[in-house]
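I opened the model to look up a few helices and some of their residues. My notes follow in the order I took them.

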Amino acid sequence: MDVIFEILVQLIEEIILQLAVNALFELGVRRVRPALKREPGNPYFAALGYILLGVATGGVSLLMFPRHMIQVQWLKLLSLAAVPAASGVAMSLVGRLRRRQGKELIRLDSFMYGFLFALAMTLIRFFWGK
């Protein structure tokens with residue numbers, strides 16, 4: 001029973017880290033966006049940009065948290081799909097809430113862009129974490 005509890009705690013820690021980083025990143029994008037004053041461009045370039053930002057954020061997160069929060073190998077593999085999916089769902093829910101409130105949406109407020117950002121970050125943490 002202790003093993004199952006430990007595994008669940010590790011997975012929840014990883015998801016919380018990812019959601020916290022996504023939330024901070026979204027706040028940063030919202031602060032910078034008014035300065036850009038440009039219509040959104042090509043969605044493929046935007047996807048590539050979010051992937052690159054996810055890679056960079058994953059690298060920075062390794063400086064702060066160099067060890068994997070998940071220590072069980074099979075659970076690390078499971079987290080490669082579960083963590084980005086959970087993050088994408090959370091970002092789409094944020095987008096839905098913002099839409100209901102009549103607020104301006106950014107691309108990160110959708111499942112796909114949130115998923116891509118989180119996947120890139122999770123891959124960096126998976127391959128280069130201790």
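**Entry 1.** I looked up Ser79 and found it in helix α3, residues 73–100. Helices here are DSSP runs of H or I with at least four residues, numbered from the N terminus. This is a predicted model, where local features need pLDDT of at least 70, side-chain atom pairs count only at pLDDT 80 or more, and totals for chains, interfaces and linings use all residues. Residues are numbered from 1 along each chain as its sequence is written, and side-chain values use heavy atoms, with hydrogens and water left out.

**Entry 2.** Is Ser79 buried or exposed? Ser79 is buried, because its relative accessible area is 6%. The cut-offs are under 20% for buried, over 50% for exposed and in between for partly exposed, with a 1.4 Å probe and protein chains only. I then listed its contacts, leaving aside neighbours within four places in sequence: Leu11, Ile70, Pro84 and Thr122. Contact means heavy atoms within 4.5 Å.

**Entry 3.** I checked the course of α3. The helix bends by about 40° at Ser79. That bend is the angle between axes fitted to the seven residues ending there and the seven starting there. The 28 residues of α3 should span 40 Å at 1.5 Å a residue, and the end C-alpha atoms are 41 Å apart, which agrees. The expected span is 1.5 Å times one less than the number of residues. Buried residues of α3 include Leu80, Val83, Ser87 and Met91. Just after α3, Gly102 takes a positive phi of about 75°.

**Entry 4.** I moved along α3 to Val94. Val94 counts as partly exposed because its relative accessibility is 28%. Val94 touches Glu26 and Asp109, not counting residues up to four places away in sequence. I also took a distance to Gly41: 53 residues apart in sequence, 22 Å apart C-alpha to C-alpha.

**Entry 5.** How do α2 and α4 pack? Helix α2 (residues 43–64) and helix α4 (residues 111–128) pack at about 35°, with axes 7 Å apart. Axes are lines fitted to C-alpha atoms over the stretch in contact, and angles run from 0 to 180 degrees between N-to-C directions. By class, the contact of α2 with α4 has 15 nonpolar, five polar and one charged residues. Ala, Val, Leu, Ile, Met, Phe, Trp, Tyr, Cys and Pro count as nonpolar, Asp, Glu, Lys and Arg as charged, and the others, Gly among them, as polar.

**Entry 6.** Last, I looked at α4 alone. Its buried residues include Phe117, Met121 and Thr122. I had already noted Thr122 as a contact of Ser79.

Methods
Helices (H or I, at least four residues) and strands (E, at least two) are DSSP runs, numbered from the N terminus.
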